[in-house]
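Welcome, and thanks for taking a look at this chain. Please keep the viewer open while you read the report.

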Amino acid sequence: MKEIPKNAKLAFKGVLFETWQWEQPMFDGSVEIFECQRRPNTASVVAVIDDKILIQNQRQPDRQEPFVSLPGGRCDKEDWSEDPLAAAKRELLEETGYASDDWLLWYQYQQSYKTISTVYTYIAKNCEYRRAPRLDAGEKIENRLIGFEEFLLLSESPDFWDRELKLALFRARLDESFRQELRKLFFN
């Protein structure tokens with residue numbers, strides 16, 4: 001994963017983003033100022049309940065339209081150091097009221113080249129309802145359960161925000177062996 005260069009200096013620190021700048025030698029010997037952003041890592045959860053997957057219809061105050069997502073959110077703590085698995089467990093319980101003792105890191109990726117932030121996607125099997133959700137002030141969430149085939153169709157949904165997951169779901173629709181691999185991963 002990309003890291004902030006050792007010679008970089010913090011130019012701006014906001015609530016969600018930091019901007020870092022550094023001098024970067026160019027191929028012709030000149031020097032330019034480069035920059036990147038850093039933001040907290042994110043954890044999302046494919047929550048499996050019996051033979052269904054839990055997805056969310058969400059509204060947030062900074063978005064005009066509702067969107068479809070998995071449960072999840074950013075890794076908290078003042079220094080953004082919350083362990084991604086701990087964040088995934090916390091977000092699942094806060095947003096859905098469900099918890100699991102059976103977790104698997106499915107994949108992780110960096111959101112973009114110029115933004116240092118990793119998205120961790122976990123599978124939580126055998127989820128059990130523990131309590132009523134406790135949403136943040138900026139969240140309106142409707143949780144719903146869908147079957148595996150409907151989950152794969154999220155690859156077509158313009159409202160589903162996770163591009164990397166969309167690619168995996170689309171691949172599963174086209175590649176029968178990958179589809180069976182995913183089904184086994186989620187439900188066995």
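## Ground rules and overall build

Helices, of at least four residues, and strands, of at least two, are DSSP runs numbered from the N terminus. The model you are viewing is predicted. With that naming in hand, the secondary structure of the chain comes to 4 helices and 12 strands.

Along the principal axes, the C-alpha atoms fill a box of roughly 60 × 40 × 35 Å. Of the 188 residues in the chain, 44% are buried. Take the contacts between residues at least 6 apart in sequence: 60% of these join residues at least 24 apart.

## Two loop residues with positive phi

If you like to check backbone torsions, start with Asp50. This residue sits in the loop between S4 and S5, and its phi is near 55°, a positive value in a residue other than glycine. With a relative accessibility of 70%, Asp50 counts as exposed.

Asn126 is another residue to look up, this time in the loop between S10 and S11. Its phi is also positive, near 55°, and Asn126 is not a glycine either. The relative accessibility of Asn126 is 55%, which counts as exposed.

Helix H4 covers residues 176-187, 12 residues in total. From its first C-alpha to its last it reaches 16 Å, close to the 16 Å expected at 1.5 Å a residue.

Which residues of H4 are buried? They are Phe178, Arg179, Leu182 and Phe186. Viewed down the helix axis, the buried residues of H4 fall within an arc of 105°, so they line one face of the helix. On the other side of H4 you will find Ser177, Glu181 and Lys184, which are exposed.

The cover over the buried residues of H4 includes both strands and helices. Among the strands are S4 (42-49), S5 (52-59), S9 (102-112) and S10 (115-125). Helix H2 (148-152) and helix H3 (163-174) are also included.

## Aromatic pairs

A pair of aromatic rings is described by the distance of the centres and the angle of the planes. By the rule used here, the count for this structure comes to 10 aromatic pairs. One of them joins Tyr98 and Tyr129, edge-to-face, at 5.3 Å centre to centre and with 75° between the planes. This pair links distant parts of the chain: Tyr98 belongs to strand S8 (residues 98-99) and Tyr129 to strand S11 (residues 128-129), 31 residues apart. Tyr98 is buried, at a relative accessible area of 17%, while Tyr129 counts as partly exposed at 49%.

Next, look at Phe186 and Phe187. Their ring centres are 6.2 Å apart and their planes stand at 85°, so this pair is edge-to-face. Phe186 counts as buried at 1% relative accessibility, whereas Phe187, with a relative accessible area of 24%, is partly exposed. Both rings belong to a cluster linked by ring pairs, together with Trp106, Tyr107, Tyr109, Phe148 and Phe151.

## Charges over rings

Arg63 lies over the face of Phe67, at 4.0 Å from the ring centre. The charged end of Arg171 sits over the ring of Phe178, 3.9 Å from the centre of that ring. Phe178 is also one of the buried residues of H4.

## Cysteines

A disulfide is a covalent bond between the sulfur atoms of two cysteines. How many disulfides does a search of the whole structure find? The search finds 0. Cys36 is in no disulfide, and the nearest cysteine sulfur, that of Cys75, is 18 Å away. For Cys75, the closest cysteine sulfur is in Cys127, at 18 Å, which is too far for a bond.

Is Cys36 buried or exposed? Cys36 is buried, at a relative accessible area of 2%. Cys75 is buried as well, with a value of 1%.

## A buried glutamate

Glu91 is found in helix H1 (residues 84-96), and its relative accessibility of 6% counts as buried. Leaving aside residues up to four places away in sequence, Glu91 touches Gly72, Gly73, Arg74 and Thr96.

Key:
Residues are numbered from 1 along each chain as its sequence is written. This is a predicted model: local features need pLDDT of at least 70, side-chain atom pairs count only at pLDDT 80 or more; totals for chains, interfaces and linings use all residues. Side-chain values use heavy atoms; hydrogens and water are left out. Rings of Phe, Tyr and Trp (its six-membered ring) pair if their centres lie within 6.5 Å; planes under 30 degrees apart count as stacked, over 60 as edge-to-face and the rest as tilted. Buried means under 20% relative accessible area, exposed over 50%, partly exposed in between (1.4 Å probe, protein chains only). A charge sits over a ring if NZ of Lys or CZ of Arg is within 6 Å of the ring centre and within 35 degrees of the ring normal. A disulfide is a pair of cysteine sulfur atoms within 2.5 Å. The expected span of a helix is 1.5 Å times one less than its number of residues. The arc is that of the directions from the helix axis to the C-beta atoms. Contact means heavy atoms within 4.5 Å.
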